[in-house]
Amino acid sequence: MFKRLSLLFVGLAMTAACSARPADDASTATYTDGTQYVAIAAPQRLDPKNGKVEVVEVFSYGCIHCAHYEPKVEQLQKELPKGVVFHAIPAAFNDAWLPYAQAYYAAKKLNALPATHAALFKAIHEEHYPLRTLDELADWYAQHGVDKAKFLAAANSAETRDRILADTKLIQAWGIDGTPTIVVDGKYRSAQIKDFDELNGVSKFLVDKELKGGK
């Protein structure tokens, strides 16, 4: 059932392509539409009912660039103006990344994200644990205090399936084909970014633009 979701990504890049490299020196370049970011043709927010400016990170635990970006996105969250909301959604670009999306939502439902989010990146990309299947991930979460049976039930639930399906459609609507990507208010997404400092800079620039009414 879950594997069929990956078919929705026909036309998207089926690789862990990334829109940024690991951080270099901070950029002083001017941020322009069509270069560092692009305006989304048909704007669509993740949470249309919340009137606050929203920042969304599209990521995957399977993406090494997302692992490198994690400390920077944590910094970004701390630097966002008061009242701006931050969300993260996991991309399931292929069957290999689907278990990671399921794991994210299972951990979120079980209130395990604060203790496991950054740790899972480290386990996969620095410690090289064999965490590719949902069962392997369930064992890893169990080592971090998460009930394995509850984790698997949440990961395989209709609620998680529907959430990933909705994410898939939204990611397609935003025109995203690589991670990490930042989307601001469903109107703008990061594009040609030279490093993660610039990605944060563009994100804050777009937030400020939205706070000023799009000017």
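**Exercise 1.** Determine whether Asp185 is buried or exposed, and state where Asp185 lies.

*Solution.* Asp185 has a relative accessibility of 9% and counts as buried, because buried means under 20% relative accessible area, exposed over 50%, and partly exposed in between (1.4 Å probe, protein chains only). Next, Asp185 is placed in the loop between S4 and strand S5 (188–190). Helices (H or I, at least four residues) and strands (E, at least two) are DSSP runs, numbered from the N terminus. Finally, Asp185 is not a glycine, yet its phi is positive, about 55°.

The model is predicted: local features need pLDDT of at least 70, side-chain atom pairs count only at pLDDT 80 or more, and totals for chains, interfaces and linings use all residues. Residues are numbered from 1 along each chain as its sequence is written, and side-chain values use heavy atoms, with hydrogens and water left out.

**Exercise 2.** Identify the form of the peptide bond from Thr179 to Pro180.

*Solution.* Omega is near -5°, and the bond is cis. Pro180 itself belongs to the loop between helix H6 (158–174) and strand S4 (181–184).

**Exercise 3.** Find where Gly145 lies.

*Solution.* Gly145 sits in the loop between helix H4 (134–143) and helix H5 (148–155). With 69% relative accessibility, Gly145 counts as exposed. The C-alpha atoms of Gly145 and Thr116 are 9.8 Å apart, and these residues are 29 residues apart along the chain.
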